[in-house]
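Please keep the sequence and the model in view while reading.

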Amino acid sequence: MAERYNPQEIEKKWQARWEADKLYNAEMDPSRPKHYALTMYPYPSGDLHIGHWYAMAPSDARARYMRMRGYNVMFPMGFDAFGLPAENAAIKRKIHPYSWTMANIERMRGQLRSMGAMFDWDREVVTCDPRYYKWNQWLFLRLYEAGLAYKTFAPVDWCPNCNTSLAREQVIGEDRRCERCGTLVIKKDLDQWLFRITNYADELLDFSGLDWPERVKVMQTNWIGRSEGAEVRFTTEAGYPIVVFTTRPDTLWGATFMVLAPEHPLVEKVTTPPQQAQVAAYQEQARRMSEIERQAKDKEKTGVFTGGFAINPVNGARIPIWIADYVLMSYGTGAIMAVPAHDQRDFEFARKYGLKIQVVIQGENTPANGEEMELAFDAEGVMINSGPFNGTPSAEGIRKVTAWLEEQGIGKFAVNYRLRDWLISRQRYWGTPIPMIYCPTCGALPVPDQDLPVVLPQDAEFLPTGESPLKYHLGFRYTTCPQCGGPAERDTDTMDTFVDSSWYQYAYITPYDPERLFEPAAGDYWLPVDQYTGGVEHATMHLLYTRFFTKAMRDLGLVKYDEPMLKLFNQGIILGEDNEKMSKSRGNVVDPDDLVSRYGADVVRMFLMFLSSWNQGGPWNSRGIEGITRFLGRVWELVLEPANPTAPAGYHSDQAVRDLRRVTHQTIQRVTRDLEDFGFNTTIAALMEFSNMLGRARSTPVVETPAWQEAIESLLLLLAPLAPHLSEELWHQTGRPYSVHQQPWPQVDNAAAVEDEITLVVQINGKVRDRIQVPAGIAEQEAKERALEAPGAHKMLDGKTPRQVIYVPGKLVNIVL
């Protein structure tokens, strides 16, 4: 009788052995193809939750599989350690963010190790370590020198009571209040740093060479929002120009009013005295709203007339100028021409405020009188009421009108982007200090490279208001000018934490290198990332920013390629048993530590992989985990329990061997195919079927043949990426050489995998009437003859002669009457 499977005992044993042997440390080896596998690093919130396991355990299984396929795999791990929660902890618990963060990291390291993943811990990076963020600052300075980092005024959410900017998550409630003090939040313009990601807008729309999910490509394409059209210059009655961008220059003759963003600099100039109070009140109201709220489709459109008028340049019409919060300064020019007959948003606005609706595109059933319209007509049609362009198809009119605008000197062809430059300034402490110095004599100057890193002061005093203590830390704020030696001040803002993750894949190459970003020879060998895994929620921020960084680094001569990660796979989200997102308030959180202590890491890993298709996610099922426990228990007994074979009636040893080898090599085929495609749930299903077949064969004399040893060895090798501890233990107990994770992936014997017999479906007039077993290599004529003789077909034919018999090789015979 074999000893009982005890996962807690064997898992700790093998984790210690792997770590002592540095089994998973990646070293350059030009004789083997490299594979840089990377999964998104966690924020050190204090506990590894089941969502971390769901993201990381399958990523680890795939990396292990690639290692067994002969690749030299690097699979590093680190911690995204800057962020607002640590600063909030400092305020609430009177503990320094560094202490809180590092204590959490220490706990999460232990939890990650309990997973049994093949992380190369010697490559770990922690982004709040000055040895790491020194290179954030160095990269900032290179971008600054290249003109890709600049400072300008930009709006932030601001609490006037706390006297500080707020992150999105600190603004609460429908009326947008500060989570700390409850004060109404406003928008305030601050002088802040931005990166010119817009310089790369067109290049970021090119996904050639990237094996990324189509969904991510579409999300990034929409976020960048490239649109072609025309810039048209209207003028106010006082002569001020108002430039608008439109994708529909063919509708210019239908522009019956203009709308400015409430923040537009022309608002004060065009507003008449009777309208000033109403306009100012509306501007104050708009300042308190986010851009997302202002553009919500279900939000009622509001606005205020300024009292001013503009002149439509194509027909000389005098049209009123309004302000409305649905127009943003951050998109286009902050001004729009409103064409209510052909834009639903403008139509609703015009109806609400009694503004003129002029039809200029005629469809088949659209009224020519705008007052009779029930909805805007935004499809193609024929231009009417459009001067020299009457009768022109609108699709053709877009091009012709744009050319005419250029001839008239009142407009030109233009490309517009929804994408805006990346604002990286944060008015907080727990982030990378921006390495700039301001001297009253010399102006703004970069911190010299030799003075990096600019280190966060450890003795900062955190205020209950949330204001950054860097503003009040005299030792940090005040310094000397690197140019003239006179008194100067440091920038007291810190960088957006997305800067840390925009280049972290490069930091793993030679972590904390004091002399350079990474060692060039190591970079040439390992980079770029071959396989990246993580959530689709990062599509338009992290995944876009890291592409921008790589392209900018290429132009700076730091890397030699265009994209950071060649392949991307997005896992789904694991939900609670109530099918809701896990949260402590809902009480549906699953603690992986409890599960590991009860079932072992291998069971938890495999259950998460078996739960559903990895790219879809799904609800947790506490009952289903018992099935994986039973499966691994059966594998344990199958390999270690002594067999007592007896030959059943009709047993043929040669056939039994052929059957066993066939199933073995078919399973190798299935598992290999599925792991290539991240099909972990179908991989486990195939292994369950295989083990069930082995369980039946175990009581027969086939266990005394080499085919049985081949099958058991194949089972352990196929299971190794998914259940690394159990596989290692069984490999060891059956006398095989250490380690199972250093063995090559089993090779398919295609001849052995071929079926001796196949099932042919027999149809009559397309309906299934029978199924027959035939030799796998059956000839067409014989297949047809056997189908005609099948009982189900014979009965239906009833002596009739078929008009046609169609054979689909290896699948079916269709008898047509």
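**Cavities and a pocket**

The lining of the second largest cavity divides into seven nonpolar, one polar and three charged residues; Ala, Val, Leu, Ile, Met, Phe, Trp, Tyr, Cys and Pro count as nonpolar, Asp, Glu, Lys and Arg as charged, and the others, Gly among them, as polar. This is a predicted model, in which local features need pLDDT of at least 70 and side-chain atom pairs count only at pLDDT 80 or more, while totals for chains, interfaces and linings use all residues. Residues are numbered from 1 along each chain as its sequence is written, and side-chain values use heavy atoms, with hydrogens and water left out.

**Terms**
- On a 1 Å grid over the protein atoms alone, a cavity is a set of points where a 1.4 Å probe fits but cannot get out, and a pocket is an open set with protein on both sides within 12 Å along at least five of seven lines; lining residues have an atom within 4 Å of a point.
- Points are joined across faces, edges and corners, and a volume is the space filled by probe spheres set on them.

**Second largest cavity**
- Its volume is about 50 Å³.
- Among its lining residues are Trp 135, Trp 503 and Arg 516.

**Largest cavity**
- The largest cavity has a volume of about 60 Å³.
- Its lining includes His 35, Arg 62 and Phe 678, and comprises five nonpolar, four polar and one charged residues.

**Second largest pocket**
- This pocket has a volume of about 340 Å³.
- Of its 17 lining residues, Gln 427, Lys 471, Asp 491, Thr 492 and Asp 493 are the closest to its centre.
- Three nonpolar, six polar and eight charged residues form the lining.
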